[in-house]
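Trainee: Please give me a close look at one thing here: the packing. Take the rings and then the helices.

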Amino acid sequence: VTMSLWNRAQQLPPDALRQVQNVYGEQFPIEVRHYLAGWIEDKMPQWNEIDPENVSHSQYAHTLVSQLIQEMENKALSYGNNEDLFLVRMRLDEAATSFKTRYLNNNPLALVGIIRECLKTELHLVQQHENMLGAVVQPASMTIEPCAEIVSELDILLRRTRETADELRHLEQEQESFALQYHDCAKINAHLSHIQGQERTQQNRELEQSLRRRKDVGEQQLAQKVSGLLQRRMDLAEKHKGTIDRLNNLQQRILDEELINWKREQQMAGNGKPFNQNKLDQIQDWCEALAEIIWLNRFQIKECERHQTKIPITPPGGVDMLPTLNSHITRLLSSLVTSTFIIEKQPPQVMKTNTRFTATVRLLVGGKLNVNMTPPQVRVSIISEAQANALLKNDQMNKGEQSGEILNNTGTMEYHQVGM
């Protein structure tokens, strides 16, 4: 059974319920929480994603607050013909107006911060009460399964990647506009130099004055465009940095927790413990999604570098973040490829000499990276525990250094739709 957080809050004992009521006030009326409970809880990932301290989240906060106001107005309208709900309608309308004037354009992050705190306190009180009762009922919208949490984070990262793709297009348009303006200024300067070398007739003097005015206006516009261009470049680099940080955290979680756990379970299966083989397909889906998002961001960063080369303007005393971002995203891609080359089917734990055995390897991101276009060769070697430890330390092993011989120890990787 799943119950909404708000339904569970209403079942709290009187003292705890009073604490919940005290959380809500003029800034975020309890009526809004009550009559929009479903919508507010459906948006839980968005409330949690926005950082009220991060100014770059303002636009996202503005969109979410705007949607909230729209929902409040729609709800008030739907109560229009019901006399019993007249006061509720008035309260929702008042709150919508207050949100518009106080937060929407001035500081939407502040309202998001207030709502986050209210929900956090409410959840804390509910969980505290249910823990005392030993309750196990959890709301679907608040406690997210680890798998659902990963999918949610991948969705957020994909959305961020689409947003930076749009911002990159705007940057390209501004660069084109800057280049045209720069070209116009160069033509005016050339014309001015030419006129200054001519005879000082009345007509030439008037033309010179006109050209000087155009030059001043053009240079002023050019300075504004330079400023706007720099700001857009810095904002985009900052957004890419945020995406890469989140990608790094999620990739660590998938590779260092989920994939390692799968390997551990595979190991235990050799001792007879039940083993869910399908889990690897799910991990592959996550890794493929990661690979796609990393690849798209890497392409965007390279495009930013290309634009910077075309118009090499840098902020005074500013540091170029792009080489560092490029290095980080390339390292993430490299780590993802090397970590997702795994042994899907292990050979027997104990083997006799002169005995046939099979093993299967799988590259979880092979499909996304089109490895099937140039299928790699895979070679299998037997090594000792000491050699394995040395290999882990320095990531390399001398050619021909092995502890036994395997016949038919090379093969070409084959592409399968479900996995490579």
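Mentor: Buried means under 20% relative accessible area, exposed over 50%, and partly exposed in between, with a 1.4 Å probe and protein chains only. By that cut-off, Trp-39 and Trp-47 are both buried.

This is a predicted model: local features need pLDDT of at least 70, side-chain atom pairs need 80 or more, and totals for chains, interfaces and linings use all residues. Residues count from 1 along each chain as its sequence is written, and side-chain values use heavy atoms, without hydrogens and water.

Rings come first. The structure holds six aromatic pairs. In one of them, the rings of Trp-39 and Trp-47 have centres 6.4 Å apart and planes at 75°, so the pair is edge-to-face. (Rings of Phe, Tyr and Trp, the last by its six-membered ring, pair with centres within 6.5 Å; planes under 30 degrees apart are stacked, over 60 edge-to-face, the rest tilted.) Phe-99 and Tyr-103 also pair edge-to-face, at 6.1 Å between centres and 65° between planes.

Stay with Phe-99 and Tyr-103. Both sit in helix α7, residues 86-104, four residues apart, or about one turn of the helix. (Helices are DSSP runs of H or I, at least four residues, and strands are E runs of at least two, numbered from the N terminus.) Phe-99 is buried, at 0% relative accessible area. Tyr-103 is buried too, at 4%. Ring pairs join Phe-99 and Tyr-103 with Trp-6, Tyr-24 and Phe-28 in a cluster.

Now the helices. Helix α10 (residues 202-269) packs on helix α11 (residues 279-310) at about 160°, axes 10 Å apart. That makes α10 roughly antiparallel to α11. (Axes are fitted to C-alpha atoms over the stretch in contact, with angles from 0 to 180 degrees between N-to-C directions; under 35 degrees is roughly parallel, over 145 roughly antiparallel, 65 to 115 roughly perpendicular, the rest oblique.) The residues in the α10 contact with α11 split into 17 nonpolar, seven polar and three charged. (Ala, Val, Leu, Ile, Met, Phe, Trp, Tyr, Cys and Pro are nonpolar; Asp, Glu, Lys and Arg are charged; the others, Gly among them, are polar.)

Helix α11 also packs on helix α12, residues 322-339, at about 155°, axes 10 Å apart. α11 and α12 are therefore roughly antiparallel. Their contact residues divide into 14 nonpolar, four polar and three charged.
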